[in-house]
Each structure stands twice: as structure tokens, then as C-alpha cells.
Amino acid sequence: MNENFEDLLKEEEINELKKGKVLEGVLLNKSSDGIWVALDATGDVFVKREELLKNISEYKIGEKITVKVIKTNDAEGFNTASEKRAQAEKLMDEIEEGSLVNVKFESRAKNGYIVLIENAIKAFLPGSLSMLRPEDEMPKDSQRMKIIQKRGRKVVVSKRDAVEESIKEVYENYKENMIVEGIVESIKDFGAFVKLNEHVTALIPRSEVSWDKNTRINKQLSEGEKVRGVIINLDKNAKKISMSLKQLKEDPWEDVEKKYPIGSVQKGNVTKLFPFGFTVKLENAVEGLVHESEIFWGRKGKIADIASEGDRVEVKVLDIDKGRNRISLSYKQALGNPWEEAEEKYLEGNIVNGIVEKILANGAIIKLEEGLTGFLHVSELSWNFVDNVEDVLKEGEKIKVKILNLDKENQKIKLSLKQAKENPWKLISEKVQRGDILTGKITRFVDKGAVVLINDYEVEAFMPGSKATENRTDDIKEVLEVGSPITGKVLDIEFQSDQQRGNLVLSVLDYIKEKEKEEGLKIMEEMNSEEE
């Protein structure tokens with residue numbers, strides 16, 4: 001009985017609601033001023049809003065809460081308690097000098113600040129250890145600080161010591177070749193800064209972002225992104241860390257000779273054009289150069305006419321310099337030499353399609369296909385006389401030409417524009433004879449007369465100045481001009497060969513005389529008819 005009585009006394013003493021006791025209860029109800037907590041066998045206590053660790057809205061009915069009794073049966077008949085003081089009492093037993101704690105600023109004080117540790121214990125932060133200037137605003141977010149002094153319930157903390165501790169921890173625990181993670185803080189032209197922790201930042205040099213030397217950092221990384229890299233340099237004295245992203249990936253140049261054997265034909269994308277060639281990306285970080293000498297089989301043309309950035313092309317691997325990360329490529333050899341089959345494709349006498357590539361003083365270069373061009377001499381432009389090549393052809397114009405000669409060994413082709421169609425002199429020689437009347441227009445003036453383009457026949461006739469008009473003049477340009485319509489009598493017409501131009505002489509004066517003669521005869525006939 002004595003033992004049972006003593007146990008009951010102990011139990012009642014434990015359950016007795018006394019000021020200063022720390023007890024655990026369950027949240028019973030909430031109001032705008034605080035919360036009610038039900039304590040086992042000891043009744044209820046009210047925890048005012050300012051004595052809570054969180055906002056009232058964050059608490060849930062039924063939630064377990066540890067509190068410290070402040071008053072019992074106060075003036076209003078309530079038992080009051082504090083969650084903050086219960087937490088403070090617990091923390092005060094746990095914290096010790098040298099430990100790191102979460103701290104929030106509460107107010108300014110003489111020579112420093114009053115702060116709350118874990119929202120429960122008031123502590124002093126000397127201004128000299130706050131890493132703040134007097135004019136700075138107090139931070140609103142939680143800060144990590146170090147306890148540098150604890151005397152009873154008096155605690156002094158330091159922001160500077162916590163920062164130094166954090167930095168020291170990194171430089172003691174991190175080593176070169178270690179793989180670490182961080183958050184991209186900022187991106188510059190020369191590299192990217194990555195936060196390894198709140199106070200230590202590492203640099204990823206631009207050259208260590210990717211094996212692709214042409215890559216743009218802002219295309220590979222973005223601020224706030226979490227990245228993983230390997231430490232390539234750690235300087236404890238200078239407090240500098242460099243890291244690499246690319247070294248966690250396989251170097252594509254390591255087995256480039258196996259993937260792209262010399263002599264093989266590969267596909268890639270054109271990345272950039274230069275005056276001396278263009279580059280082709282075979283894969284990420286592996287690019288080769290196509291020199292201008294490996295672009296054209298024949299005459300050098302415009303590189304921009306062959307390729308544009310982004311084009312998918314086939315190239316032949318000529319050489320690999322693995323030590324310098326260089327590959328020499330050929331565009332023309334991947335296509336094949338068009339001269340190899342030129343004799344079979346372009347037989348002499350055939351009429352083929354071509355494009356005027358370049359106009360010269362004595363003719364034009366005609367492109368038959370990629371890498372294959374021929375020469376069109378001025379004498380083969382027209383069955384008529386040509387004074388200026390540009391009067392007949394324009395660069396980029398599509399034309400039909402006749403193959404006159406093909407020299408595979410010297411890679412030369414002679415072409416003819418005029419022979420690609422029937423000789424108009426043959427037609428006019430068959431239908432026109434001396435004495436016929438023809439019409440046309442003046443195309444140009446020459447020393448002793450004018451040149452007239454005959455309608456419907458595409459041939460040019462010569463009109464002597466003495467035969468151009470019935471009015472005597474020393475200069476026919478005084479009475480006629482280029483484009484003037486002409487009607488004349490054929491004085492002479494000659495044509496000897498299908499391969500040559502003919503000769504036609506026209507006279508306006510003879511036509512006029514002929515016409516006057518005919519009109520005179522007609523008048524005589526009419527007079528005779530009237531007499532009869």
C-alpha cells in the first residue's frame with residue numbers, strides 16, 4: 001500500500017500544472033489571438049500568438065505541440081504557455097560554442113543586432129561580425145551563423161565566422177578531380193560562375209563547357225541551372241576553384257580516326273563560310289575544313305553558290321591531324337570528277353542546256369553542270385555581227401548550246417549558241433532573191449551606212465549611206481535614227497555554207513525608184529485606157 005501511495009503522489013506531482021514545466025499536448029482549437037492546447041491529465045493551456053513558432057494559419061487541429069507553462073489561473077482564469085520558450089529551453093541544452101545555427105534578425109542594438117536562433121533564443125550579433133554596413137537594411141531571410149560565446153543564457157553569434165567556416169569546409173573537403181554539383185550563378189563571355197555553396201563560387205572556363213570549340217556558353221547553360229562537373233584546379237591560398245563540364249563526357253576526338261577513316265565519304269552540316277572555303281560539322285565538337293581548292297573541279301566560282309550555312313553536304317576525308325583537332329575535307333571529290341564521264345555525256349554535235357556563269361570581253365563561260373564549264377566565243381554567239389557580248393547574254397541566263405569540241409585531257413569544251421538553232425541565212429537565201437522588197441529596222445550605224453535587222457528572218461542587212469534616202473546628205477544620222485523602220489530593195493544576197501553567215505545589201509533609194517517607176521507605168525496605163 002505504501003508503494004502504491006508513493007507512486008500516486010509521484011504521478012500527481014508529474015501531472016500537476018506548474019509554472020516552468022515543459023509539457024507536450026495536442027492542438028485543440030485556434031483563434032485569431034492564439035491556440036488552445038490540451039495537456040494530458042492537467043487541463044488546457046492557451047498559447048498567445050507572439051509565443052508561437054509559426055503563424056497561426058500553419059497549425060492544424062490535432063497537431064502535437066510542446067510548450068512551457070508561463071502562468072496558471074491568471075487574472076482571466078486561463079493557463080498560459082509558450083511554444084517559443086519550450087523550444088528555447090530545449091535548444092539551450094543542445095547548442096554549444098562552435099555550432100552553426102539558423103538565425104533571423106529581430107532588431108538593432110548598440111554595437112550590433114538582436115537576433116533569434118531557430119526563432120526561439122535571443123542572441124547578440126556584434127556589428128563587426130555581421131558582414132553588414134551600418135546603412136544596410138537588416139536581412140529578412142534566415143541566415144546561417146556560428147555561436148562564438150555561450151554564458152548561461154547569454155549567447156553571441158557571428159556571421160563572419162560562419163562564412164569562414166563554410167569556405168574552410170569546402171577547401172578542406174574538396175580536391176582536384178572530384179566531381180561536384182552547383183548552381184549556375186552568372187554567365188559571362190569567358191565562362192560561367194557556379195555556386196558550390198552559399199559562399200564558394202567556382203568558374204567553368206569557356207573552353208571547359210563543351211568539346212565543341214564553337215559552342216556558345218549561353219546555348220549550353222542557363223542561370224539557375226543545376227550542373228555537375230569535375231574540379232580541374234583548386235587553389236587554397238587564392239581561394240579559387242575551376243571546374244570542367246566537358247571532362248565528364250567522352251572526347252569525340254579520341255577515336256576520330258576510327259569513326260572517320262581517311263578516304264571515306266561522310267555527311268555533315270555546313271557551319272561557316274570563309275573566303276578560302278567552308279567548315280563542315282561531322283558531329284558535335286568535330287569539324288573539318290573544305291579548302292577552296294577542294295570545292296571546284298574546274299574554274300573557281302563563288303563559294304556561296306555552292307553551300308550555305310546549315311546545308312547538309314557530303315564530303316570526303318582527306319587528312320586528320322588528331323593532335324591539333326583538324327580534319328581536311330573535300331567537297332568536289334565526294335561528288336566525283338564530272339570530267340570522267342564528260343565524253344559520254346557531252347558528245348560533239350549535241351545540243352545541251354547551260355547557264356551563263358560569267359561574261360568575258362571575248363565570249364562567255366557556260367556552266368553545263370556542277371564542276372563542268374565550257375567556253376562560248378563571241379563569234380559563236382549569233383549569226384549576225386556582235387559588237388558587245390552583254391547585248392546578247394546576261395549572267396545567270398539559261399541557254400541552249402551546241403558542243404563543238406571536247407578536250408578531256410585539258411578539260412576544255414568549245415560551245416556555240418548560234419549553231420544550236422538553224423542558220424537563218426539558209427532560210428532567207430531560199431526565199432529571197434535580188435530585187436525583192438524587205439522590211440526591217442535600223443539597229444546601228446557603221447562608217448559607210450547602217451545595219452538593218454530584217455523582219456521575220458533574224459538576219460542583218462547592210463544599207464549603204466548612198467542608198468538610204470532619196471535626199472542627198474553627208475550623214476544619214478541626220479535623217480534616220482536607231483529603230484527607224486526601213487523598207488528597201490535587195491541589191492545583193494550571198495550564202496555559201498550552213499556554218500557561216502551570209503551577206504545582204506539593201507537599198508531604200510532603189511526601192512523608191514522602183515516604186516516611182518511602177519506608179520508611172522500605172523498612170524500611163526490609165527491614160528491609154530481613157531484614150532481608147
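**Entry 1: the model**

I am working with a predicted model. I keep that in mind for every distance below.

**Entry 2: helix H3**

I started with helix H3, which runs over residues 159–173. I counted 15 residues in H3. From the first C-alpha to the last, H3 reaches 21 Å. That is close to the 21 Å expected at 1.5 Å a residue.

Next I looked up the start of H3. Which residue caps the N-terminal end? I found Ser158 there. A side-chain oxygen of Ser158 lies 3.4 Å from the backbone nitrogen of Arg160.

**Entry 3: the buried side of H3**

Which residues of H3 are buried? I listed Lys159, Ala162, Val163, Ser166, Val170 and Tyr171. These residues cover an arc of only 165° around the axis, so they sit on the same side of H3.

I found strands, including E6 (100–109), E8 (121–126) and E9 (143–151). Strand E10 (154–158) is also among the covering elements. So are strand E14 (226–235) and strand E15 (240–244).

Glu172 forms a salt bridge with Lys168. Their closest N and O atoms are 3.9 Å apart. The cut-off for a salt bridge is within 4 Å, so this pair counts. Where do the two residues sit relative to each other in helix H3? Glu172 and Lys168 are four residues apart, so about one helical turn separates them.

**Entry 4: other salt bridges**

How many salt bridges are in the whole structure? A search finds 20. I noted some of them.

Lys54 and Glu63 meet through their side chains, with 3.2 Å from N to O. Lys54 is partly exposed, with a relative accessible area of 32%. Glu63 has a relative accessible area of 23%. Buried means under 20%, so Glu63 counts as partly exposed.

Arg324 and Asp321 also form a salt bridge, at 3.8 Å from N to O. I checked Asp321 and found it partly exposed, at 27% relative accessibility.

Last, I looked for residues linked in a network of salt bridges. I found Arg133, Glu135 and Asp136 linked in this way.

Key
Residues numbered from 1 in each chain as written. Predicted model: local features only at pLDDT ≥ 70, side-chain atom pairs only at ≥ 80, totals over all residues. Heavy atoms only, no water. Expected span 1.5 Å × (residues − 1). Buried < 20%, exposed > 50% of the residue type's maximum accessible area, 1.4 Å probe, protein only. Arc of directions from axis to C-beta. Contact = heavy atoms within 4.5 Å. Polar contact = N/O pair within 3.5 Å; in protein donor to acceptor, adjacent residues only side chain to side chain.
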